[in-house]
Amino acid sequence: MAAIIATSLLVLFSLFALSFHVASALGLTAALTGALHIGDISGFFGQIPWNSFSNSGMIVVPLFILMGELLLRSGVTEELYDILSKWMGRVPGGLLHSNVLACGLFSSICGSSVATTSTIGAVALPEMRRHGYDEKLAVGSISAGGTLGILIPPSVIMIIYAIMAEVSIAQLYMAGVVPGLLMMAAFMLVILAVALIAPDKAPRLARKVSWSARLRGLAAVLPVIVLMGLVLGTIYAGVATPTEAAAFGSVGAFLLAALKGRVNRAMLREVFLATASTTSMVLLVVACAFVLQFVLSLGGVPAAISNWIAGLGLSQLQLILIIALIFIVLGMFMESMAMIVCTLPILLPILKAAGVDLVWFGVLAVILVELSLITPPVGMNLFVMQGLRTRMDGVRVGPMTEVFAASLPFVLAMLAVLGLVIAYPGIAMGLVESMKQ
């Protein structure tokens, strides 16, 4: 058993160090570990993915991705940011609050943190510079706001977790709503505190916007809010399954894009290609993770580790804190999806043995993965923002360490929310429990 663990870890991290794709690294690790310690497992490389994916429930993956791609190209981003800036421009912190709110709303139609960060960042960063905002604070708020893309439903990472942990996608989505809103509030409190202490870093906008202009702007983005309310509302009410809700959302997103005059042959080609590409990538990663999970289970690794953990006599809280610490350390060096698919095959038997609610733990895992997106040295959102700064002409870009420092207050805010969800599970599970009634 020790040999299987040593081989799998050595092969996996060697392949990651060589910049192999996550799916390739997982698949090769399963193949080499199985060949060296178990025997011929080649037949399972077809059987396991087929058994995992040959059900209609898997259609939820491409449908939610399709909805996000349609809305991404519907032209809603610019309108969304402009409207929020009219509402928040005179509040202490001004446009920085718009960054977080825009990221939160865009997350609910996108499901990807990197896409949220790059899309909102491209619109917001020039505005920040034009109005004299402190660039480090602007970059930090957008990087942190972008992490909401995998916590606020619909989220691709949540779908992957639900598939691997065999929990309800609907329940996991509902469990992420309140922590997602709480995370937005925590980020905005950080911004408010900085704006009150150092108002020169986050000046209020000089122009005043009439209430009529604000309400007209709100009406322009209302269809998107209604669409997301419809998708999550039908799931919550039990009127539709996540697959059916995703289908409603995709049709609604298409109609919204059509009403805005954005639908044409080129746009649909981009949407379908992006949907197919992302779906293939996600399902390939999950398929290879399932094969690795099978190899490790066949070798007795999860059972042996579960027995060892049980022998330590840890309480549920101690176990969760240790796992959280492991995730935080891994997040400094691993990509978010890799963290989930590599750790779950080992953690799931341990969590089940300890009686941990896997839906609740799913929210904790997603928050910890969020944290990895803005922690150095491999915080993906931080590199996205540095890339955006670099591409903007005529501005001298500071070192990457500036972006790292900019994320620190928001990292502390995320840790505070994580602590609250651990201490008060009802924050995540309240909506889930009400669904069951």
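## Counting the lining residues

For the counts below, Ala, Val, Leu, Ile, Met, Phe, Trp, Tyr, Cys and Pro are taken as nonpolar, Asp, Glu, Lys and Arg as charged, and the others, Gly among them, as polar. With that in hand, the lining of the largest pocket divides into 27 nonpolar, nine polar and two charged residues. Please keep in mind that this is a predicted model.

## The largest pocket

The largest pocket holds about 820 Å³ of space. It is lined by 38 residues, and those closest to its centre are Val 114, Met 281, Glu 335, Ser 336 and Met 337. Two or more lining residues come from each of helix 1 (2-17), helix 4 (60-72), helix 7 (113-130), helix 9 (156-165), helix 13 (265-298) and helix 16 (336-353). Helix 4 gives the largest share, with five residues.

## The second largest pocket

Next comes the second largest pocket, with about 580 Å³ of space. Leu 9, Ile 305, Cys 342, Thr 343 and Ile 346 are the closest to its centre among the 26 residues that line it. The elements giving two or more residues here are helix 1, helix 13, helix 14 (301-312), helix 15 (316-331) and helix 16.

In this second largest pocket, helix 15 supplies the largest share of the lining, six residues. The lining residues divide into 23 nonpolar and three polar, with no charged ones.

## Salt bridges

Now to the charged side chains. Side chains of opposite charge can pair when their charged atoms come close. Searching the whole structure turns up three salt bridges. Glu 69, Arg 73 and Glu 270 are linked in a network.

Glu 69 counts as buried because its relative accessible area of 12% is under 20%. Arg 73, at 22% relative accessibility, is partly exposed. Arg 73 also forms a salt bridge with Glu 270, where the closest N and O atoms are 3.2 Å apart. Glu 270 lies in helix 13 and Arg 73 in the loop between helix 4 and helix 5 (76-88), so this pair ties together parts that are 197 residues apart in sequence. Glu 270 is partly exposed, at 44% relative accessibility.

A further salt bridge joins the side chains of Glu 135 and Arg 129, at 2.8 Å from N to O. Here Glu 135 is buried, with a relative accessible area of 18%, while Arg 129 is partly exposed, at 21%.

Definitions and conventions. Residues are numbered from 1 along each chain as its sequence is written. This is a predicted model: local features need pLDDT of at least 70, side-chain atom pairs count only at pLDDT 80 or more; totals for chains, interfaces and linings use all residues. Side-chain values use heavy atoms; hydrogens and water are left out. On a 1 Å grid over the protein atoms alone, a cavity is a set of points where a 1.4 Å probe fits but cannot get out, and a pocket is an open set with protein on both sides within 12 Å along at least five of seven lines; lining residues have an atom within 4 Å of a point. Grid points are joined across faces, edges and corners, and a volume is the space filled by probe spheres set on the points. Helices (H or I, at least four residues) and strands (E, at least two) are DSSP runs, numbered from the N terminus. A salt bridge is a side-chain nitrogen of Lys or Arg within 4 Å of a carboxyl oxygen of Asp or Glu. Buried means under 20% relative accessible area, exposed over 50%, partly exposed in between (1.4 Å probe, protein chains only).
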